[in-house]
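Here's a quick briefing to read alongside the model. Take a look at the structure first, then we'll go through it topic by topic.

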Amino acid sequence: STATTFLTIMVITHRHIIAAAKTSGGGGSLLQSSSSQSQGQCDDKTDKKHFGGKHSTKQLGDKSPAVFAALVFLSFLIPMLVFGRHRPAYEATRPRIRHCCRHPINANHDGPMPKPWGWQRWGYYDFEQNFNCAGYLNDGTKPVPNMEFWETMLKAYNQEVDPTYKFDAVVPPTEGYRHDENGPPPYYAKLSPGKGRGLFASRDIQKGEIVHDGTKSDVVFPDGLTWKRFVFALPRKMACDQVAWTFTQPFEEDGPMRVVSSLNIAILMNEGDKAKDVNVEPQDGNGAPSDYSSVFYALRDIKKDEEILMNYAAYDTDYNAAGIGAQSQTWVIELVETCLNSLGWRKIGATLGLGR
């Protein structure tokens, strides 16, 4: 197994360290002795900051059991942390994850995904990969979500995020949300050639008119972990939809980056292939483009049945700042370095490739 292999490597490395110390009498490549005995002892400050100089073979032997125990521990810890989380949970050919998740999951699985070990550290792209989203999301023939779809999503949202959130009593999510006193926003959802599901004007829209108001439609997650719980509570394909629909946005200058999505057809708005195709954009109260705004205005007159298209670059995408980026595993390296440094063994860390 991987752990056994790492353990073997660690044991061999440990023996080489001891052998090198005995051969050089406290010197050698790992235990550098002073170039001249006449120089006397090096000062304590240097000895604490750098492994080497004045460690005798006896001192090395005294620390040997502790270092050996640390190496054994790391031989099991590192493989689990480094290799475990990158194995797609949906592949039935992955016995480690299959055992962890208690039952095999294949690419056609469409129930809620089991949470594998370390799921809290998954990032946005880990969900796309491990949920096998590519084929589903690239299917341009997916139907427009029906009421059952939105109700399932609402149930998961109530369970994991906000138990008080409800759909509008007048405008169902299949029509959007209550845009104004006249009812839903001026668009409807249908399949768009080459783009999949999209939004189309339900009437003629004049330049400068509010086409979409995210303040009445969007859901903002309190933190990245809550968003991850919500995604895991959804059936696989629905989870893929939600991952694709999730974006990040700050709502004020120097404000925190937030995880944002929607639980109605407003989230189906596509991006224009060319700049001239874009006909709506978020603006502030003065009519200036603003990535802090969730209110979209028509940039020109839009004819009935014309597709509503935005520029996705209107909002910054920063998954790390919003708490749903890939969680770096540098903390594992830092843990190893801390253990080694606490024993005064900085050069052993460098020899094992753990130095920065």
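Which residue does a disulfide join to Cys-133? The partner is Cys-240, with an S to S distance of 2.0 Å. Bear in mind that this is a predicted model, where local features need pLDDT of at least 70, side-chain atom pairs count only at pLDDT 80 or more, and totals for chains, interfaces and linings use all residues. Residues are numbered from 1 along each chain as its sequence is written, and side-chain values use heavy atoms, with hydrogens and water left out.

**The disulfide**
- Taking a disulfide as a pair of cysteine sulfur atoms within 2.5 Å, the count comes to one.
- The torsion about the S-S bond of Cys-133 and Cys-240 is about -85°, so this disulfide is left-handed.
- Cys-133 sits in the loop between α5 (124-130) and α6 (134-137) and Cys-240 in helix α9 (residues 236-245), so the pair ties together parts 107 residues apart in sequence.
- Helices (H or I, at least four residues) and strands (E, at least two) are DSSP runs, numbered from the N terminus.
- Cys-133 and Cys-240 are both buried (under 20% relative accessible area, with a 1.4 Å probe and protein chains only).

**The sheet**
- Three strands make an open antiparallel sheet in the order β4-β6-β5, where pairing takes at least two DSSP bridges between two strands.
- At the edges are β4 (218-221) and β5 (247-249), each pairing on one side only.
- Neighbouring strands of this sheet are turned by 40° against each other on average, direction ignored (axes are lines fitted to C-alpha atoms, and angles run from 0 to 180 degrees between N-to-C directions).
- β5 pairs with β6 (residues 258-262) over three bridges, and Gln-249 stands opposite Arg-258 in β6.

**The pockets**
- A pocket is an open set of points on a 1 Å grid over the protein atoms alone, where a 1.4 Å probe fits, with protein on both sides within 12 Å along at least five of seven lines; lining residues have an atom within 4 Å of a point.
- The largest pocket has a volume of about 820 Å³ (the space filled by probe spheres set on the points).
- Of its 32 lining residues, Ala-244, Trp-245, Ile-267, Met-269 and Tyr-312 are the closest to the centre.
- Helix α9 gives the largest share of that lining, three residues.
- The second largest pocket has a volume of about 290 Å³, and its lining of 15 residues includes Tyr-136 and Asp-241 among those nearest the centre.
- Both α7 (147-160) and α9 give two or more residues to the lining of the second largest pocket.

How values were computed. Buried means under 20% relative accessible area, exposed over 50%, partly exposed in between (1.4 Å probe, protein chains only).
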